[in-house]
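I opened my notebook to look up a few spots in this model. My entries follow.

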Amino acid sequence: MSVSVVPGSTRGLVAVLGPTNTGKTHLAIERMLGHKSGLIGLPLRLLAREVYTKIAERIGTANVSLITGEERIEPPGARYQICTVEAMPQRTDAEFVAIDEVQLATSLERGHVFCDRILNLRGIHETMLLGASTVEGVLRELLPGIEIVSRPRMSMLTYAGSKKITRLPARSAVVAFSAGEVYAIAELIRRQRGGAAVVLGSLSPRTRNAQVALYQSGEVDFLVATDAIGMGLNLDVSHVAFAGEHKFDGFQHRRLSAAEMAQIAGRAGRHTNDGTFGVTGNVEPFEDELVEALETHQFQPQKVLMWRNSQLDFSSLDSLDDALNKLPNSHLLSKALPASDIRALDLLTRDEEIREQCTGEDAQNNVRLLWEICRIPDYRKISPAAHSEILARVFMDVARGGHINEDWFANQTKLTDRIDGDIDALSNRVAHVRTWTYISNRDGWLENHLYWREKTRAIEDKLSDGLHEALTKRFIDRRTSLLMKKLRENAMLEAEISETGDVVVEGHHVGKLLGFRFSADATASGPDAKAASAAAMKALAQEIEKRSSRLAACPNADIVLSDDGYLRWLGEVVARVIANEGNALAPGLMLLADEQLSGASLEKVKNRLERWLANHIENLLRPLVEMSRDETISGTARGVAFQLVENFGHIDRRTIADEVKQLDQDARATLRRHGVRFGAFHIFLPLLLKPAPTSLICLLWAVRHDRLEAPGLTEIPQISATGRTSVEVDAQYDAEIYPLCGFRIMGRKAVRIDILERLADLIRPVLAWKETGEKEGEQNQKPEGAYDGRRFYVTPGMLSILGATHEDMEQVLKGLGYRSNRHLESEIFPVEEAEPKPDCKETTEEKSEAAETTNEPVEELVEGSAANPQTAKVQEPQEPKESGELEEPKTVLLWQRDFKPKRQFNDRGQRGNSKKPGTKGGSKSKQDAKPQAKHQAAKSRKPEKKPDPDSPFAKLAALKDAMGKK
């Protein structure tokens, strides 16, 4: 249901709009004092206090009152009232009324309060609305007949760009949006620039005024604050630096609008003094459009104000809820989101006891009381539930007994009456006591409310003084002032170096000695920092000399080589490994030290680190190092050894096939003594496939090729260290690193080369199998995977050692030089030869995939098939088969070496590839194959050369003959 919104009279209604530093608040004060009575509503308690103080100094405290949620100063007969907007009465008989910062009527959290005062609160003779020009349009349309007065800024505002916090000019205000950020920035300024005053909206007026006095008096040149300074606090600020640009507005974290930034930036350059603004910390420089808007004060106009029905019905809880949820009937007004008071009401009305108190004869009074209690601000910010507990206790006490139980109230206030603890503890107590101060300022809730009003005020003042003292001690460093004084007097400065390497001059941390390099404090700047660093150099020279002697005599365990190529001594970087063009196993070293390390000390450190590095490489890569030094290796073997060293311990056998053929048995034996293994596919050193050697190999390769930033340089050795025999290839990693860790990339898999050699060991016997033995009629046992001595199929054992799927295995075998052909299972494994298979049904979830080279469906493992683990059902996308429809035949891949024989014979012993009539592709039955094979063997048999009787092969043959005769 909507409500017809009828604004109050516009007679005597004036809106004074413009940017900051236009004198709007000053104008309102002067206009009010020109009337017999007046009322001013301000957005912050701090600002209300400031305005109250100014007016009281002019006309006396007896003539002006201050009313906020937590503070009431009400002299009898006071003609002028200074209030926060929330504390303004809904009706007044004052001649003059002013509402400051009316653009806050667009705020999600508090906008409905400002909107209500704009629409309904009027002075008898004059009403003045003060704020930004962004609301001019909506005020004109919402309040027809209103007079608009625009005021220009009295000084220029200019963007100064980005500056480090430690390089901000004096008389700067740094703005952040959380207490933690404010404290961190103030701490940084304290260490580098002497100190800073701190202003937060949550501070009590007493603490805030004391902090501002430190800044205004010139005791400190910096102010760190939240956006509280954007609401009319008049300070002597020349520059405003944004250390943040996002804030939590009660509902979400968001970036400040340009108009909100202008409100804060406008604090710089008061009266006719020009000011500057900029960014600092991690805030990116403002974009040009934003800078132009802030300098010219041109912003997007606000089109709607936040509204909430203020005509409430307290006859029942449901009536109150209905009234709060009514909608406005104007397109210029938007229903406000549920504020903290509505959220508290929702929680409290779930309590059956509270609902019971809000029924019956006294229901209207209790509903009204409940609503007033729900409006108690949650200063503690612990949780809605914790806040609701206090509200529920207050309501039940007042509703049942007429007043809050004073024993309970006394215990609550007593908990806050302590000034021990740090800033956070004191701030927390201030937040707690503000709740009790607010309650004590409500008439009738406490039987002796005047006493408690004074009591809570005294506690808050005591805590405020303690908090101010704690803030001053923490964020204003007297030692920095002393250091600056000594620098001006050219006095000698004392420097110390702690055991952890921290360098301190006159109590100020100026940097740290890391290994043999001095790292100046990055936050230090200015002439004081430079002078302190110069004083530290004298102490550094002595310390570096001591460290060089300790390193020269240190045990090997104190030095480590990290993955980034740096040598670290006791955790500190002292050198960097660099490339040596002559030998990959003997890289160079670059010492990382300041000029204080020189002469004999420099040589001691360099020699010790070089010895350690050489010893480290030799321990982990001993087979390579010793092979590179072995002068007995000669001829072709020396060339193979050189290539193994250059390739860090393994080579694809095909790349040096000619050299390997030229190696005699003695040359091979020499290489084998160094751990070289001659595999079917690789020549490699198995000892170098372990985790520690592979990590070092990767580092040496990266140093040699200047690839220390190569992706995967750290990750792939870590994968290798887990013992994986194969891994999925990560496209984000540098492909050159896999071989360094002993992996060979085969399609989408990277397989360890020793595992590939084990695969070769499985393939070798199935390709060497012959159906008949040397003796006539002798039958050789057929190994698993063998077919005809030329071809084989993949077995579960082959898949197991690789940890691969059939699809992966296809890629591996193709990469190793094998090719495949697809055959029907019935041709390869006749039914009469197949073993009985268990009853297993192929599910409809089996998928078909096309082979890369044949474009035919790739087989899948048929569960339970011991005779042929590669048999597969050829499946194509199809409709579900009906009953009786034949299934597609199953196929199997047969693999053979990927080369064409020099001679091919058909079944007649003729050259060529003629097909036998009635057969497919010239295929022959097994019965025909045996005599034809014997015939081909007889025709092609050539006279054998007589072997050397001293060769190992001749001796092996003689041994076999001897065993056969027995």
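Which side chain does Glu460 join in a polar contact? I found Arg457, at 3.2 Å. (A polar contact is a pair of N or O atoms within 3.5 Å; within protein, one must be able to donate a hydrogen and the other to accept it, and residues adjacent in sequence count only if both atoms are side-chain atoms.)

**Ground rules.** I noted that this is a predicted model, where local features need pLDDT of at least 70, side-chain atom pairs count only at pLDDT 80 or more, and totals for chains, interfaces and linings use all residues. Residues are numbered from 1 along each chain as its sequence is written, and side-chain values use heavy atoms, with hydrogens and water left out.

**Entry: Glu460.** I placed Glu460 in helix 16, residues 449-475. (Helices are DSSP runs of H or I with at least four residues, strands are runs of E with at least two, and both are numbered from the N terminus.) Is Glu460 buried or exposed? Glu460 counts as buried, because its relative accessibility is 1%. (Buried means under 20% relative accessible area, exposed over 50%, partly exposed in between, with a 1.4 Å probe and protein chains only.) I then listed its contacts, leaving out residues up to four places away in sequence: Arg45, Ser204, Pro205, Val433, Arg434 and Thr437. (Contact means heavy atoms within 4.5 Å.)

**Entry: aromatic rings.** I found 10 aromatic pairs in the structure. (Rings of Phe, Tyr and Trp, the last by its six-membered ring, pair if their centres lie within 6.5 Å; planes under 30 degrees apart count as stacked, over 60 as edge-to-face and the rest as tilted.) Why is the pair of Trp408 and Trp436 edge-to-face? Their planes are at 90°, so the pair gets that label, and the centres are 5.7 Å apart. The pair links distant parts of the chain: Trp408 is in helix 14 (residues 406-416) and Trp436 in helix 15 (residues 423-440), 28 residues apart. Trp408 counts as buried at 15% relative accessibility. Trp436 does too, at 2%. I also saw one aromatic cluster, formed by Trp408, Phe409, Trp436, Tyr451 and Trp452.

Entry: I traced an open sheet of 8 strands with mixed pairing, in the order 5-4-6-3-7-8-2-9. Its edge strands, strand 5 (72-73) and strand 9 (147-150), each pair on one side only. (Two strands pair if DSSP finds at least two bridges between them.) Strand 3 (residues 38-42) runs parallel to strand 6 (residues 80-84), and 5 bridges join them. I checked Ile40: its bridge partner in strand 6 is Ile82.
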